[in-house]
Amino acid sequence: MGTWGPRGAGAAPGRAPWSWALALVWVAAAAGGTSRRQWPVPYKRFSFRPEPDPYCQAKYTFCPTGSRIPVMKGDDVIEVFRLQAPVWEFKYGDLLGHLKIMHDAIGFRSTLTGKNYTMEWYELFQLGNCTFPHLRPEMNAPFWCNQGAACFFEGIDDSHWKENGTLVLVATISGNTFNKMAKWVKQDNETGIYYETWTVQASPEKGAETWFESYDCSKFVLRTYEKLAEFGAEFKKIETNYTRIFLYSGEPTYLGNETSIFGPTGNKTLALAIKRFYYPFKPHLSTKEFLMSLLQIFDAVIIHRQFYLFYNFEYWFLPMKFPFIKITYEEIPLPNRNKTLSGL
C-alpha cells in the first residue's frame with residue numbers, strides 16, 4: 001500500500017449529467033428539512049479517538065519517535081519557539097516554500113535541564129487521505145482514512161526549521177504553565193480527531209462569510225498559543241504568518257450523512273453523483289490518467305462550479321464561485337496575555 005491505499009481501489013462510477021446531479025442537490029436539501037445556518041459550521045468533537053482501520057496505511061510512519069509529554073518542575077523556565085518549514089521539506093527541500101505552503105509546530109526548551117522538545121499536529125495517513133476518500137468496490141459509500149493527531153518528541157531539528165523556515169523564540173513560560181498546557185493538549189487531541197484541509201468562504205473579501213474552518217497543523221499551533229495566553233503567557237510582538245487553503249462558494253447546502261445518502265434507503269442518484277465527483281481524485285495514476293483527471297476536476301469545479309465537501313462526517317454541496325481556490329500566506333497575530341492572571 002502507498003500513501004493513498006491499494007492501487008486501483010474503486011471502479012469508475014457511472015456518469016450522470018451534471019445538471020441532473022445539481023437538481024438532486026436541491027431535492028436532497030428540501031428533503032432534509034430545516035436549513036443549517038450556523039456559520040461557520042462548528043467543528044465536531046468526539047468523546048474518544050477510535051482505532052484506525054487497518055485498510056488505512058501511511059507511506060511515512062506517524063510520529064515515529066514520539067514520547068509522552070514530561071511533567072516539568074513548577075519553577076522551571078520554559079522557552080517557547082515558533083517553528084515553521086516548507087511542507088515535505090525532508091523530500092523536496094524549499095520547493096513548496098516558494099509557494100508558501102508551510103508546516104507549523106512549536107518548540108520548547110527547559111532551562112533547568114537544557115532539553116529541547118518539538119510538538120506538532122498532522123495527518124496520520126498523509127494529506128491526500130485527509131482531503132479525498134477511497135472508492136472501494138466492495139463498499140457503497142466513499143471510505144475515508146482521515147485522522148490527525150498531536151505528536152510530541154524530544155529534540156528540535158534546528159537545521160530542518162532554520163534552513164528554509166523559522167525557528168524563533170516567541171514566549172517564556174513557567175513549568176506550571178507548561179504542565180497545564182500538557183493536560184489541555186491531551187484533552188484536545190482525544191476529542192479533535194480528524195483533519196480538515198479547506199477553509200470555505202463566500203469570497204476573498206475582508207469580512208466575507210466563512211462557511212467552514214480548516215483544522216490542520218497551523219490551527220493546532222494557534223489553539224495552543226491561545227491556551228498559553230489564557231494561562232498567562234506573554235508573547236513577543238513579532239509577525240507570524242500561516243498557510244491557508246481556501247475554497248470559495250455560495251451558501252452551502254447540507255446533503256446528509258453516510259447512512260442517509262449511501263444506506264439502503266438512501267438517495268442512490270445523489271450517492272452516484274458524489275462518488276463520480278471524487279473519482280478523479282483517486283491515487284496512483286499514470287501520466288495519461290492524471291491529465292484526464294485534471295480535465296474532469298476542472299470541468300466539475302470550474303465549469304460546472306460544483307464541489308462536494310465532507311465535514312463532520314457529513315456531506316455538503318458547495319456552489320463554487322470565482323476565484324474558486326486560493327492558497328494564502330497571511331498574518332495571524334500572536335495572542336494577547338490574559339491580564340487576569342499574574343506571573344508566568
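A disulfide is a pair of cysteine sulfur atoms within 2.5 Å. Keep that cut-off handy for this tour of a predicted model.

**Stop 1**

Select cysteine 63 and cysteine 151 and show their side chains. Their sulfur atoms sit 2.0 Å apart, so this pair makes a disulfide. Now look along the S-S bond: the torsion there is about 80 degrees, which means this disulfide is right-handed. Zoom out a bit, and you'll find cysteine 63 in the loop between H1 and E1, while cysteine 151 is in strand E4, so the link ties together parts that are 88 residues apart in sequence.

**Stop 2**

The structure has 2 disulfides, so let's visit the one between cysteine 56 and cysteine 145, with an S to S distance of 2.1 Å. This link is left-handed, with -85 degrees about the S-S bond. Cysteine 56 lies in the loop between helix H1 (18–31) and strand E1 (77–86), and cysteine 145 in the loop between helix H3 (126–131) and strand E4 (148–154), so the bond ties together parts 89 residues apart in sequence. Cysteine 56 is buried at 7%, and so is cysteine 145 at 1%. Count the bonded cysteines along the chain and you get the pattern 1-3, 2-4.

**Stop 1**

**Stop 2: salt bridges**

Time for charged side chains: the whole structure has 11 salt bridges.

- Lysine 186 and glutamate 190 meet at 2.8 Å, N to O. They are 4 residues apart in helix H5 (residues 175–191), so about one helical turn separates them. Lysine 186 is exposed at 51%, and glutamate 190 is partly exposed at 35%.
- Lysine 227 and glutamate 230 meet at 3.3 Å. Both are in helix H6 (residues 217–230), 3 residues apart. Lysine 227 is buried at 17%, whereas glutamate 230 is partly exposed at 39%.
- Glutamate 138 and arginine 136 meet at 2.8 Å. Glutamate 138 is exposed at 54%, but arginine 136 is buried at 13%.

**Last stop: a network**

Finally, select Glu213, Lys219, Arg244 and Glu330 together: salt bridges link them in a network.

Technical notes
Residues are numbered from 1 along each chain as its sequence is written. This is a predicted model: local features need pLDDT of at least 70, side-chain atom pairs count only at pLDDT 80 or more; totals for chains, interfaces and linings use all residues. Side-chain values use heavy atoms; hydrogens and water are left out. A salt bridge is a side-chain nitrogen of Lys or Arg within 4 Å of a carboxyl oxygen of Asp or Glu. Buried means under 20% relative accessible area, exposed over 50%, partly exposed in between (1.4 Å probe, protein chains only). Helices (H or I, at least four residues) and strands (E, at least two) are DSSP runs, numbered from the N terminus.
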